[in-house]
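Q: Could you take me on a close look at one part of this model, and show how it connects to what surrounds it? I would like the geometry spelled out where you can.

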Amino acid sequence: LAGVIDANRRWIGGTTVVVQTGDQLDRGDDERAILDLFESLSEQAWAAGGGFYPLLGNHEVMNVALDLRYITSEGFATFADVPHSSSDQRVMAHPKHKRGRVAAFQPGGPYAIKLAGHNVAMKVGDTVFVHGGILPEHARAGLDTINRSVQAWIRSEDPMPDQWVRSRSSPVWSRHYSKNPDDRDCALLREALAILGAKRMVVGHTVQDAPNPACDGAVWRMDVGMAKHYGGRPAALNIEGESVTLLR
């Protein structure tokens, strides 16, 4: 759709920077292929002088926290070959058909380590990208602080930072800007953007009928249900300088 990969899913985007706003996991059967493709595209884009950045959404952190509610039977089966030790009590506490998935995504697991290379939020130019939303309190803490804290937990180096991954107002769970934002929500958005020195925010998390702006264009809501579970409708936002164009 955006012209950054070819028919063989190889990067042809040159110096283009792509940010995917999270939720690569759950409610589907192709998660392992998606994660592996994204890892490959990230490497190819970097080598070409561009960037491909999948962000952490609430479903990525749910998997690391071993919240398994939204995983399909095939989603368990495709990770069944991930090795684990019979002495790993956290893995062995689950039924046999779930153990490979748990081993893959538990903090420090091989696919958790892949996710630990992803950010919760990032700023590219004058645009902030995040799955849920950055509130003023998050902006004051700093995106780098949030990213480092969450990544350290995913690598099994630190405890879970509840305020960044579990709270309903956290960057991966907030719906302040994506679900019927009112004047107060828009004021929070403008405050957060001012702190970060940005003009707009791009969010996912709440499925929309179509990609759309809110708060006078200060936020773009881009979750249009690209997963098959929601209809598989692709969409992207092309930002070049002051120009913002929808691709769908």
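A: Here is a walk that starts at the disulfide, moves through the sheet beside it, and then turns to the helices and the aromatic rings.

Please keep in mind that this is a predicted model. The structure holds one disulfide, and the two residues it joins are cysteine 186 and cysteine 215, with 2.0 Å from S to S. About the S-S bond the angle is -75 degrees, a left-handed link. The pair connects distant parts of the chain, 29 residues apart: cysteine 186 belongs to helix H10 (residues 183-196), while cysteine 215 sits in the loop between strand S6 (212-214) and strand S7 (219-221). How accessible are these two cysteines? Cysteine 186 has 8% relative accessibility and cysteine 215 has 11%. Cysteine 186 counts as buried because its value is under the 20% cut-off, and cysteine 215 counts as buried because its value is under that cut-off too.

Helix H10 lies across S3, strand S4 (127-130), S5 and S7, and runs at about 110 degrees to S5. The sheet itself is open and has five strands in the order S3-S4-S5-S7-S6, with mixed pairing. Its edge strands are strand S3 (121-124) and S6, each of which pairs on one side only. Neighbouring strands are turned by 25 degrees against each other on average, direction ignored. Inside the sheet, strand S5 (residues 200-203) pairs with S7 in the parallel sense over three bridges. Valine 203 has arginine 221, in S7, as its bridge partner.

Now to helix H1 (residues 31-47). Its 17 residues reach 24 Å from the first C-alpha to the last, close to the 24 Å expected at 1.5 Å a residue. Buried in H1 are Glu31, Leu35, Phe38, Leu41, Gln44 and Ala45. These buried residues pack against strand S1 (17-20), strand S2 (51-54), helix H3 (73-77), helix H5 (99-105) and helix H6 (110-115). Just after H1, glycine 49 has a positive phi of about 90 degrees.

The whole structure contains five aromatic pairs. Phenylalanine 38 and phenylalanine 52 form an edge-to-face pair, 5.0 Å centre to centre with 65 degrees between the planes. This pair also links distant parts of the chain, with phenylalanine 38 in helix H1 and phenylalanine 52 in strand S2, 14 residues apart. Phenylalanine 38 is buried at a relative accessible area of 14%, and phenylalanine 52 is buried at 10%. Another edge-to-face pair is made by phenylalanine 79 and tyrosine 111, at 5.1 Å centre to centre and 85 degrees between the planes. Here the partners are 32 residues apart, phenylalanine 79 in the loop between H3 and H4 and tyrosine 111 in helix H6. Both phenylalanine 79 and tyrosine 111 are buried. Ring pairs also link Trp11, Phe38 and Phe52 into a cluster.

A last stop is valine 91, in helix H4 (residues 89-92). Valine 91 is buried, with a relative accessible area of 0%. Leaving aside its neighbours within four places in sequence, valine 91 is in contact with His84, Arg99, Val102, Ala103 and Gln106.

Definitions and conventions
Residues are numbered from 1 along each chain as its sequence is written. This is a predicted model: local features need pLDDT of at least 70, side-chain atom pairs count only at pLDDT 80 or more; totals for chains, interfaces and linings use all residues. Side-chain values use heavy atoms; hydrogens and water are left out. A disulfide is a pair of cysteine sulfur atoms within 2.5 Å. Helices (H or I, at least four residues) and strands (E, at least two) are DSSP runs, numbered from the N terminus. Buried means under 20% relative accessible area, exposed over 50%, partly exposed in between (1.4 Å probe, protein chains only). Contact means heavy atoms within 4.5 Å. The expected span of a helix is 1.5 Å times one less than its number of residues. Two strands pair if DSSP finds at least two bridges between them. Axes are lines fitted to C-alpha atoms, for helices over the stretch in contact, and angles run from 0 to 180 degrees between N-to-C directions. Rings of Phe, Tyr and Trp (its six-membered ring) pair if their centres lie within 6.5 Å; planes under 30 degrees apart count as stacked, over 60 as edge-to-face and the rest as tilted.
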